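Thanks for coming. I will go through one model today, starting with the overall layout and then moving to the helices, a few residues and the pockets.

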Amino acid sequence: MMLFALHSAATLYMTGLIWFVQLVHYPLMARVGAADFTRYELLHRHYTGWAVGPAMLLEAATGALLVLRFPQALAWKLGIVLIAVIWLSTWLVQVPAHDVLSRGFDPATLRRLVTSNWLRTAAWTARAILITWMIATNSRN
């Protein structure tokens, strides 16, 4: 089923990307230096939007369609709840932190960004585990 394949690809892509961001990209932001930080942050936001925007939209849209197509399936309901957690965290925590950082380096805001991003990392990891379980379960049938 193409819908499930697209959804799985988006979820697994975002899971890998969020782990890279959490373990490498965000921590390295502290090493940019105050003089170059604002420009770096603005470029980060621009390029990151291209890397995450389409995949997040695809994941959310296909997740919603799967819930509508299989309303009785608990796995899809759990998956859409995790997507909601990710989107809420993104718009209520990460985007405002990046707004502050776009005006200049602030160590406390960067720490909050890295720490709070663990919620999204955990949610996408849970989604990847759920998707992998569904792939394994369906491949046996």
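Contact here means heavy atoms within 4.5 Å. With that cut-off, look at contacts in the protein between residues at least 6 apart in sequence: 78% of them join residues at least 24 apart.

Now the ground rules. This is a predicted model, in which local features need pLDDT of at least 70 and side-chain atom pairs count only at pLDDT 80 or more, while totals for chains, interfaces and linings use all residues. Residues are numbered from 1 along each chain as its sequence is written, and side-chain values use heavy atoms, with hydrogens and water left out.

The layout is quickly described. The protein has four helices and zero strands, and along the sequence the pattern reads α-α-α-α. Helices (H or I, at least four residues) and strands (E, at least two) are DSSP runs, numbered from the N terminus. Taken along the principal axes, the C-alpha atoms fill a box of roughly 55 × 25 × 25 Å. Of the 141 residues, 38% are buried; buried means under 20% relative accessible area, exposed over 50%, and partly exposed in between, with a 1.4 Å probe and protein chains only.

Next, the helices. For each one I quote an expected span, which is 1.5 Å times one less than its number of residues. I also quote bends: the bend at a residue is the angle between axes fitted to the seven residues ending there and the seven starting there.

Helix 1 has 27 residues and reaches 37 Å from its first C-alpha to its last, close to the expected 39 Å. It carries a kink of about 45°, centred on V21.

Helix 3, with 28 residues, reaches 39 Å between its first and last C-alpha, close to the 40 Å expected. A kink of about 40° in helix 3 is centred on T90. T90 is also one of the buried residues of this helix, which include W76, Q94 and H98.

I18 lies in helix 1. Is I18 buried or exposed? With a relative accessible area of 4%, I18 counts as buried. Leaving aside its neighbours within four places in sequence, I18 is in contact with N117, R120, T121 and W124. I18 and W124 are 106 residues apart in sequence and 7.7 Å apart in space, C-alpha to C-alpha.

A128 sits in helix 4. Its relative accessible area is 11%, so A128 is buried. Not counting residues up to four places away in sequence, A128 touches T11, L12 and T15. A128 and P27 are 101 residues apart in sequence, and their C-alpha atoms are 23 Å apart in space.

L43 belongs to helix 2. At a relative accessible area of 33%, L43 is partly exposed. L43 and S102 are 59 residues apart in sequence and 9.6 Å apart in space, C-alpha to C-alpha.

Last, the pockets. Rolling a probe the size of a water molecule over the atoms shows where empty space is left. On a 1 Å grid over the protein atoms alone, a cavity is a set of points where a 1.4 Å probe fits but cannot get out, and a pocket is an open set with protein on both sides within 12 Å along at least five of seven lines; lining residues have an atom within 4 Å of a point. Points are joined across faces, edges and corners, and a volume is the space filled by probe spheres set on them.

The largest pocket has a volume of about 530 Å³. Of its 24 lining residues, the closest to the centre are T48, G49, V52, T90 and V95. Helix 2 supplies the largest share of that lining, nine residues. The lining divides into 14 nonpolar, eight polar and two charged. Here Ala, Val, Leu, Ile, Met, Phe, Trp, Tyr, Cys and Pro count as nonpolar, Asp, Glu, Lys and Arg as charged, and the others, Gly among them, as polar.

The second largest pocket has a volume of about 210 Å³. Its lining residues include F4, W76 and W133. Helix 4 gives the most to this lining, with four residues. By class, the count is seven nonpolar, two polar and no charged residues.
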